[in-house]
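I opened the model and kept notes on what I looked up. The entries follow in the order I made them.

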Amino acid sequence: MPNKFSSAAGTCGFALASKGSRSSRCDFAKCCLRVAVVGGGLAGLSVADRLCKLGVGEVVLFDPNPIGVGNASAVAAGMLHKFTPRGKKAFMADEAFQRSQEMISESAPNSIIYHGALFRAAVTEKQEKDYIKASQLNPDSELLLLQGDEVQCSVPQSPARMGLLIRDAFIIDTKMYMKELWNKCVSTGAASHRLERVKSPADLFDSGFDSVVIAAGYQSNDLVPQHMNMQRKQGRNVIFRKRSSGSVFNIPMVSGKYLVPQRDNDLLAGATVEAVDPNVNERGISETLEALGTRIFELYPDLEEHYEPASVTSGVRGIPIRPPGIAPLPYLSSPSPNVWLIAGLASRGLLHHALLADLLTNALVSNDPSLLPEELQSGID
Ligand SMILES: Cc1cc2nc3c(=O)[nH]c(=O)nc-3n(C[C@H](O)[C@H](O)[C@H](O)COP(=O)(O)OP(=O)(O)OC[C@H]3O[C@@H](n4cnc5c(N)ncnc54)[C@H](O)[C@@H]3O)c2cc1C
């Protein structure tokens with residue numbers, strides 16, 4: 001397989017030998033690189049952004065959909081915070097949270113809809129135990145355990161008797177964020193978009209690309225078969241509009257299902273746990289509400305008094321399959337020479353996209369897969 005990167009580095013190293021600067025050699029080689037990024041969701045766009053920032057010569061994004069219209073990223077509820085459903089910190093959560101905030105505020109500060117607390121309501125005894133433990137283990141008060149009247153006081157719309165308040169959370173308008181992130185890439189002059197579905201990485205090498213990044217969400221499985229084991233889960237949302245007499249729902253709430261404030265006082269209710277429904281696009285509001293079940297109304301019993309359902313959205317996300325009890329980690333690897341994979345972001349795309357893009361692009365421009373964290377290469381913690 002051709003590797004213009006290493007040959008460019010070699011030529012350049014020879015040409016600039018008298019200057020003897022390692023960074024000069026790298027800069028020259030990067031300018032010669034042509035990279036194809038397959039998939040224009042959060043993963044592909046953040047990789048494209050980092051490649052442009054690193055000075056790569058040409059970045060071509062392949063996606064049959066316009067930016068912000070693709071699969072999971074386009075329908076994400078927009079929640080960005082550090083904690084898993086059991087109240088533990090997610091993989092590299094502190095660093096990932098920091099990098100995501102930086103990428104969002106550098107490229108699309110207006111996409112931040114909300115910054116404040118998020119409430120995880122405990123609805124089972126197990127959750128109550130998990131949340132008590134999580135609040136005891138968390139040394140820096142990022143989590144607050146609320147019980148009894150404390151819930152009523154801090155989250156008046158919740159009937160729960162216990163829950164965790166995650167103090168630092170964001171809600172992002174993901175579509176707007178993706179469009180602005182892409183505009184930033186295009187403004188460098190190095191990036192372009194082809195409205196095409198890629199059949200195989202080999203076709204891209206035949207077209208003269210030096211490296212190929214697979215960032216095709218749950219469909220990444222089809223492009224690098226036998227390398228990973230991903231499960232598909234469908235997410236379905238109902239967007240509610242505030243009734244003129246209704247009052248505004250203000251603190252995002254999660255407990256398996258989620259209720260998340262959106263722009264213009266809209267409210268997104270949804271879940272990402274159902275099996276994939278091949279006819280999902282034909283489902284209307286009442287069928288979607290039925291599929292979401294009663295938990296939405298248990299989280300917020302006054303929902304229908306204050307809001308009316310207006311539309312539905314859906315998307316499929318990919319989750320690495322792992323043994324029971326083991327946290328899912330995304331895939332970040334190089335399945336074959338000059339092919340790079342970023343997939344399986346599961347329900348934490350907003351938390352992990354910027355950190356993973358940094359790790360992947362540094363390894364790519366150095367042409368050194370050993371720079372990728374070992375635990376992410378198998379997708380198992
Ligand atoms: C309903 C729902 C709600 C969610 N809410 C949240 C949330 O609140 N917070 C959070 O952090 N995460 C959330 N997630 C998860 C989050 O959306 C994903 O982790 C993230 O969007 C995955 O991004 P991605 O780029 O890997 O995949 P995707 O967004 O699925 O993007 C993949 C892209 O690849 C393209 N593609 C596929 N195959 C090809 C091909 N052969 N050639 C070219 N292009 C191709 C597709 O068109 C698509 O645009 C939610 C997911 C769903 C479904």
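I took helices (H or I, at least four residues) and strands (E, at least two) as DSSP runs, numbered from the N terminus. On that basis I have 15 helices and 15 strands in the protein chain.

Before going on, I noted that this is a predicted model, in which local features need pLDDT of at least 70, side-chain atom pairs count only at pLDDT 80 or more, and totals for chains, interfaces and linings use all residues. Residues are numbered from 1 along each chain as its sequence is written, and side-chain values use heavy atoms, with hydrogens and water left out.

**Overall dimensions.** I looked up the radius of gyration, taken over C-alpha atoms, with a globule rule of 2.2 Å times the number of residues to the power 0.38. For 381 residues a compact globule would come out near 21 Å, and the protein chain has 22 Å, which agrees. Along the principal axes, the C-alpha atoms fill a box of roughly 70 × 45 × 40 Å.

**Burial and contacts.** I used buried for under 20% relative accessible area, exposed for over 50% and partly exposed in between (1.4 Å probe, protein chains only). Buried residues are 51% of the 381 in the protein chain. Contact means heavy atoms within 4.5 Å. Of the contacts with a separation of 6 or more, 75% are between residues 24 or more positions apart.

**Aromatic pairs.** Rings of Phe, Tyr and Trp (its six-membered ring) pair if their centres lie within 6.5 Å; planes under 30 degrees apart are stacked, over 60 edge-to-face, the rest tilted. I got 3 aromatic pairs by this rule. Phe62 and Phe209 have ring centres 5.8 Å apart and planes at 80°, so I logged the pair as edge-to-face. Phe62 lies in strand E2 (residues 58-62) and Phe209 in the loop between helix H9 (201-206) and strand E8 (211-214), 147 residues apart. Phe62 is buried at 3% relative accessible area, and Phe209 is buried at 1%.

I then checked Phe249 and Tyr300: the ring centres are 4.8 Å apart and the planes at 50°, so this pair is tilted. Phe249 is in the loop between strands E9 (230-242) and E10 (253-255), Tyr300 in the loop between helices H12 (295-299) and H13 (303-306). Both Phe249 and Tyr300 are buried.

**Gly270.** Where does Gly270 sit? I found Gly270 in strand E12 (residues 267-274), buried with a relative accessible area of 0%. Gly270 and Val238 are 32 residues apart in sequence, yet 6.2 Å apart C-alpha to C-alpha. Leaving out residues up to four places away in sequence, Gly270 touches Arg236, Asn237, Lys257, Tyr258, Leu292 and Ile296.
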